[in-house]
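Some points on this model follow, for your reading alongside the coordinates. They start with the protein as a whole and end with one residue.

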Amino acid sequence: MKQPLAIGVEDYKSIIDKNYYYVDKSLLMKDLIDKSGSVNLFTRPRRFGKTLALSMLKTFFEAEVDKNGNVIDNSHYFKGMKIMDCGKSYLAWMGRYPVISLSLKSAKQPDFSLAFEMIKRQIMREFDRHSYVLNCDELNCEQRERYEKITYGVDEAALYTDALQFLSDCLKKYHKEKVIILLDEYDVPLENGYFRGFYDEMSDFIRSLFESALKTNENLEFAVITGCLRISRESIFTGLNNLKSISLMDNSYACYFGFTSKEVRKMLEEYKIQDKMDIVKLWYDGYLIGDKEMYNPWSVINYVDDVAMGNAKYPKPYWSNTSSNHIIRELIEKADPGVKKEIEELVAGKCIKKPVHEDITYADIYKSQDNLWNFLFFTGYLKMEEQFFEDDTIYLTLKIPNAEIRYIYRNTIKDWFQEQLKQVDFSKFYEALLKKETEGIEEFLSDQLAQSISYYDNKESFYHGYLLGILSGLAGYEIHSNKEAGLGRPDILLKPYRPQKTTVIIELKVAKQFTEMDRLCDAALKQIEDKKYALELKKEGYLNIIKYGICFCKKSCMVKVYPN
């Protein structure tokens, strides 16, 4: 019987207890021990296994104690894992340290008061989890009173600004060992605060919380922090000289977030769908972390589960459904002609060159297009092809990583384009169409395409849908697409409710070169005649019939009417 796949399960113990399929990332502990970083910040895109990694670290390192003071042995959770073969010096770290584990993802709230309250509740839970320390004789009455106030959520903001440092002190007194601090999704309250309008308040609180816990905390063994974006030292990590930032550009720890090709192949073989490797690579591979090519783990797990369980035959954009993708929308809405061209190049599979800035604040994102491109890279919407040094600046060549992310770009652009069309007055276009004014038709369609962002690779289906969308507002007409007529199916037929009015037949062509447009317009008109598209219409009583051959090439349009 195949192991179930852990869709959305981010607790390491639950995965092992319930025998979920698990990709062994336990050597992360060995690397953290070997590299001896005091404060380690891992920035990775969402759904790349950050929360699960911290849960694994907690299970391995923690000297876990229940509320009654009983020690909990977690060593069986690593039976058969790679870390167990690394020797006694590494296993000596297992179950040795008190651990403070805090997630800030619940702070995604509409105002500061509610966001602060959610972080406060997380702190309260962590204090309650470690309430056994109240049995420590080394805590004085004042410390016990302060501990209980935080545990019960007393409404004093000052209690929480240095709560992690205070908890570290209490845990050190009890365990006689320094503390490991794990902070997950640290940038969620900052991003949310920026977009909701309370960034300054939130950054002040997070700065105080972090400084006391990570900078001036003599009881700290080491800390691991995760997020999507590295926030400027000046805004959050002020004076934190012991911070080691590990981003998508670093080789160290590269294989611990996301799946390697070897890990994906092994998973597909386990579920007897190894023949899907090419599809998985096309859709979910392509991320370059340091010099390691990595797959999106969220999408791979969902795809394997769907296919193995018989719920799907084709790949889906699983990752796109886990967020609003607002950053792509922001890029498109703010795009000048130069940026529109760069977006088109990316969607077409090409690369763009941009300087990289790892230290930015959310307030900086929209100050320049370069910052926005950087945000897209660090959050997983673009991949690094290569990096190089030029004019005292690090540059990246950036590319859309895979078919799944290209789907996000295409659909976001498509939605934006459709909304743009709703604001256009089509009356002059309709008038030109019904009066055989080909120059007016060409000018209107070419102008609209010039303002758009190409996402269609010159496919006729795009132009067909685009024109249908424009024509949908033509009053007094039935609009038919590919409906059988004569000996074939005209692309578009505009059939008036009153037969004495003008009827329109449109046949579309798409040219790869501008020089082909004239010939293809003639071919479209010839097809209308050869296929006798107008014959049935005339029999029904529609006598005033206009026949158009329209050819598109990129953002240009040529229109011919029959007879020439």
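1. Accessible areas here come from the Shrake-Rupley method with a 1.4 Å probe. On that basis, the accessible surface of the protein is about 25300 Å². Carbon and sulfur atoms hold 47% of that surface. Bear in mind that the model is predicted.

2. Overall extent. Along the principal axes, a box of roughly 100 × 50 × 50 Å takes in the C-alpha atoms of the protein. The secondary structure consists of 22 helices and 15 strands.

3. The protein has 564 residues, and 53% of them count as buried. Take the contacts with a separation of 6 or more: 71% of these join residues 24 or more positions apart.

4. Charge. How many positive and negative side chains does the protein have? There are 79 positive and 85 negative ones. The centres of the two sets are 5 Å apart.

5. Is L209 buried or exposed? L209 counts as buried because its relative accessibility is 0%, and the cut-off for buried is under 20%.

6. Surroundings of L209. Which residues does L209 contact, leaving aside neighbours within four places in sequence? They are I123, Y160, T161 and L164.

7. A distance to check. L209 and E330 are 121 residues apart along the chain. Their C-alpha atoms are separated by 31 Å.

Methods:
Residues are numbered from 1 along each chain as its sequence is written. This is a predicted model: local features need pLDDT of at least 70, side-chain atom pairs count only at pLDDT 80 or more; totals for chains, interfaces and linings use all residues. Side-chain values use heavy atoms; hydrogens and water are left out. Helices (H or I, at least four residues) and strands (E, at least two) are DSSP runs, numbered from the N terminus. Buried means under 20% relative accessible area, exposed over 50%, partly exposed in between (1.4 Å probe, protein chains only). Contact means heavy atoms within 4.5 Å. Lys and Arg count as positive and Asp and Glu as negative; His and the chain ends are not counted. The place of a charge is taken as NZ of Lys, CZ of Arg, CG of Asp or CD of Glu.
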